[in-house]
Amino acid sequence: MMQDAAMVEMEKVSKWFGAFRALKDVDLVVRRGEKYVVCGPSGSGKSTLIRLINRLETHDAGRVRVNGVDLDDDLRKVDAVRREVGMVFQSFNLFPHLTVLENLTLGPVWARNMPLHEANALAMQLLERVRIPEQAAKYPARLSGGQQQRVAIARALCMKPQLMLFDEPTSALDPEMIREVLDVMVELAHEGMTMIVVTHEMGFARTVADRIVFMDSGEIVESAPPGQFFSSPGTERARIFLSRVLGH
Amino acid sequence: MKLRSSDPRLRALVYQVSAAAATLLLGWFLISNTIENLAERNIASGFAFLDREAGFAIGETTFVPYSASGTYLEALTVGIANTLRVALIGIVAATVLGSLIGLARLSRNWLLAKLASGYVEFIRNVPLLVQLFFFYALIAEHTPVPREAIEFLPGWYLSNRGMFFPVPVFHAAHAWALAALAAGIATAVAFARWAARRRALTGGSLPVAEIALALVLGPPALTFIAMGTPLEFDVPRLSGFNFSGGVALTPEFTALTGGLILYTAAFIAEIVRAGILSIPRGQIEAACALGLRQRRILRFVILPQALRVIVPPLTNQYLNLTKNSSLAVAIGYPDLVSVANTTINQTGQAVEGVAIIMAVYLTITLTISVVMNWYNARMALRGQ
Amino acid sequence: MAAAPKKGSDPIFEWIRAKLFPSPLSSVATVLILYLAWQAIPPFIDWAFLDAIWRAPDSAACRAAAGACWVFVTEKYRFILFGTYPYEEHWRPALAIFLLITLWAASLAPMFWRRWLPLMWLAGLAAIGVLMWGGIGGLSYVENERWGGLVLTLLLTTFGIGGAFPLAVLLALARRSRMPVLQGLAVGFIELVRGVPLISLLFMASVMLPLFLPAGVSIDKLLRAQIALILFAAAYLAEVVRGGLQVVPRGQYEAADALGLSYWRKTVLVILPQALKIAIPPLVNSFIGLFKDTSLVLIIGLFDLLSTVKIVLTDPVWSGFGVEAYLFASLVYFVFCYAMSRYSQRLEWRLARAEGARPR
């Protein structure tokens, strides 16, 4: 409840996929209300890093603490953490056999045991917030990519999370729809949500991020506020990456 | 380390232990009841009955000599041999017929395509047993007695006691010709390998297929001619009420095998058709654009990809045909299930009988599966 | 491939040329087929229709005639369809057949996939039970040993699939779980049942099940056959369901996990609905296959549709007309199976269409 209480604490975290070491002794602390953008070349371990936070991946060494809870094999702890952490995926992962409204109420009703009418009201409220209340009765397949991703954001928000994770949320979208999703994310940031976003959208990073974390080959190479990161990156690797990403 | 109910390892352990316990409990329950019931009905246990005299004759045998004074074990062996005979002939013939029908369905000729489609649709929607009964009735009721048998080819007779055809009498020259054939095949394979290596090194091409064919067919033909072309036929002759000599295919065998072949061929036709259709049109266009000729396109582009899609379901059909041959018991063909059924009826030892049937079939089906999986794996390695 | 018609040529002539004589080899095939048709079809029509006897008091007229003997069908169809069910009560199995067909047709239509479908099934099955057994409401009691023919075939198939389905889902989930004991048990059961012929399972049920039960407990033949059919179907359906489970994208599992749903809630609410929808076409195929497989109960002495046909043939009056008899049986099975397979194709097409549409 302290303003700068730590939301996520990672200490010397390592992860192996077989013989390949995806994360090498990573340290990370994200405080409540902070917005972190994680970037880097593909294969650098950025997705793996945030998936450790809601235990979609398991760490092999080190400690991962979310909201004061040490993540290990205890299922009850994992479920408790997952309820407080919302995730938005690159490929949306909406449930195709449920309507938009049902997609949103599934979590609150079945993971938080909320009464259905309350969940419905909450869901409609959030659909208004992402500006697509009229799509409530439709099936995801009938929505555009941008609309689907906004539904996915609303679905995560329906769980009233304390932390939102975004895994390349706009990478699978056509260019003209990226804007509408980023707008929702910016609003969310301004409302004070703690966010960790893996993305290539540097404009968004500049506007919203408190810190930019640059990763390469499983390590955090640089971690700096956007002003410093963009104008004078500390390391050669970051410089090369920036020139590539911002070049076109 | 504390064990808590939410620990997934503990949960997994609990689930598995309860499942194992439940299964063992059920097994114990069934077995103890069985032992009790068997004792009550005075039925023996164990496989000692296999050495007793069977006391029943078997209508037809395959390479295995048998008489009514043979043991149950011998009788069951005959049954297995009969099953394998039907299965092997059925698999080969059904594959050939099925492939042809599958290709016919894709033909540009409207009549051919429609005929093939009609055939497939009809066969697939009627139970196999009905079809077997139909064929048996057709042969039993609508073919003449041997006295008035139909001779539809010189020496080939069709009657309600079966189909008879002449077979060459075995002569030393045949053995030599077969040896020459084996040698020819080995040489052809070696030649093909050598030609492929040569092509890889120098790029020169030879008419491999034609030369290989000559290598395979030439030596046996030459040997045969050189030894004076001894070809004598054992022609079936009417003696009394039936034919003797030549090879006899009983109505039971004909109905069962013919029915199985026609039935399975319909399913294989669909598999072949799906396999060929699965190849994207773009592949063939790309191959044509490269300037490859038809035969090469077939061999390098179409066949490998089609086979990859075809082989798994084809294996399934082979297994189905083998299992379906057990319907012989309804037709009167003495396959394994028929013989085992008679054995069970005579000895009362149902448990052992059914166990034997299942064990044999499991062995056959697992063998076929293993062979086809090996073939599949080899294709996958080669291809990608 | 279809060439544009040349100017001034008759489109029908063009069609004939392109479809029947596209190449020399093909033309030979066409000619051959037409020749064979010419040789085979008129005699068949003579036999089956023109010279056939349709109605007669007994088979004497048939034996004298050269054509087919359809008297077999017209005289004996009641027995073939309903078995030894009492003659005056034939309306009951007839109504039961109608109810069953309606239930199945409704279940396969997407617009009926609501909450009350299972209730409808329970009510329907209860009604069928009352109709067939009787004993209440003024209906006379008919023991199930007297049930036979088409109604038995349909009942065996319906309860076969109904009983096998839940078992199949559990087996499929067990096979995919990473717990070795559960996986081993599931694989063992599935491969064992799939590796042996249905006949051996029917034999096992028929002669061995009585041995498995404690002395004094007996179950009747129909139930034994039904159990064998359920176990048989469960193994094959399990593989179909497993195929469906494999196609559900990983992202769905992850999204459900990210919401904090437990294993069973995730499986029932998110994964299974998707997997089963994908598996519908092969499921319907399994239904058709089981419908055909019920014909094997004849071998253990139950009186399904094929069995009743065979029984009529053993009557000396009707012996020798096997071809006509089995053609009739083929026709009945064909009508059912073909209708089901056509329906399944339409359903598949409709489902594929509904899933994919998206405004761009």
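Q: Which side chain joins that of C:Glu239 in a polar contact?
A: In this predicted model, the side chain of C:Glu239 makes a polar contact of 3.0 Å with the side chain of C:Arg175. C:Glu239 belongs to helix H10 (residues 221–247) of chain C. Leaving aside residues up to four places away in sequence, C:Glu239 touches C:Arg175, C:Ile190 and C:Arg194.

Q: Is C:Glu239 buried or exposed?
A: A residue counts as buried when its relative accessible area is under 20%. C:Glu239 has 18% relative accessibility, and therefore counts as buried.

Q: How should I read a salt bridge, and how many are found over all chains?
A: Side chains of opposite charge can pair when their charged atoms come close. A search of the whole structure gives 25 salt bridges over all chains. One of them is formed by A:Arg51 and C:Glu254, whose closest N and O atoms are 2.8 Å apart. This pair crosses between chains: A:Arg51 lies in helix H1 (residues 46–53) of chain A, and C:Glu254 lies in helix H11 (residues 250–258) of chain C.

Q: Are A:Arg51 and C:Glu254 buried or exposed?
A: A:Arg51 is buried, because its relative accessible area is 11%. C:Glu254 is also buried, with 10% relative accessibility.

Q: Where do A:Glu187 and A:Arg131 lie in chain A?
A: The side chains of A:Glu187 and A:Arg131 meet in a salt bridge of 3.1 Å, N to O. The pair links distant parts of the chain, 56 residues apart. A:Glu187 is in helix H6 (residues 175–190) of chain A, while A:Arg131 is in the loop between helix H4 (116–129) and H5 of chain A. A:Glu187 is partly exposed, at 30% relative accessibility, and A:Arg131 is partly exposed, with a relative accessible area of 44%.

Q: Which residues do salt bridges that share partners join into one network?
A: The network consists of A:Glu11, A:Arg63, A:Arg65 and A:Asp70. Within it, A:Asp70 forms a salt bridge with A:Arg65, and their closest N and O atoms are 3.6 Å apart. A:Asp70 counts as partly exposed at 26% relative accessibility, and A:Arg65 is partly exposed with a relative accessible area of 26%.

Q: What should I look for in the backbone angle phi?
A: Most residues other than glycine have a negative phi, and most peptide bonds are trans. A:Lys12 has a positive phi of about 45° although it is not a glycine. A:Lys12 is placed in strand S1 (residues 6–17) of chain A. A:Lys160 is not a glycine either, and has a positive phi of about 50°. A:Lys160 sits in the loop between helix H5 (145–157) and strand S7 (163–167) of chain A. With a relative accessible area of 53%, A:Lys160 is exposed.

Q: How may I describe an interface, such as that of chain B and chain C?
A: One may begin with the residues and the area involved. The contact takes 53 residues from chain B and 58 residues from chain C. The two chains bury about 4,800 Å² between them, 74% of it on carbon and sulfur atoms. Zero salt bridges are found across this interface, whereas twelve residue pairs are in polar contact (both at pLDDT 80 or more). The elements that give two or more residues to the side of chain B include helix H1 (8–40), helix H7 (251–277) and helix H12 (350–383) of chain B. H1(B) gives the most to that side, with 14 residues. By class, the side of chain B that touches chain C has 33 nonpolar, twelve polar and eight charged residues.

Q: What domains does the assignment give for chain C?
A: The assignment gives domain 1 (64–85 + 142–355) and domain 2 (87–141). The C-alpha centres of these domains of chain C are separated by 18 Å. In chain C, 22 residues of domain 1 are in contact with 24 residues of domain 2. These two domains of chain C bury about 2,200 Å² between them, 76% of it on carbon and sulfur atoms. On the side of domain 1, C:Arg78, C:Tyr85 and C:Val142 lose the most area to domain 2, together 29% of what that side buries.

How values were computed: Residues numbered from 1 in each chain as written. Chains lettered and ligands numbered in written order. Predicted model: local features only at pLDDT ≥ 70, side-chain atom pairs only at ≥ 80, totals over all residues. Heavy atoms only, no water. Contact = heavy atoms within 4.5 Å. Buried area = accessible area lost by both parts, 1.4 Å probe. Salt bridge = Lys/Arg side-chain N within 4 Å of Asp/Glu carboxyl O. Polar contact = N/O pair within 3.5 Å; in protein donor to acceptor, adjacent residues only side chain to side chain. Helix = DSSP H or I, 4+ residues; strand = E, 2+ residues; numbered from the N terminus. Nonpolar A, V, L, I, M, F, W, Y, C, P; charged D, E, K, R; others polar. Domains from an automatic or database assignment. Buried < 20%, exposed > 50% of the residue type's maximum accessible area, 1.4 Å probe, protein only.
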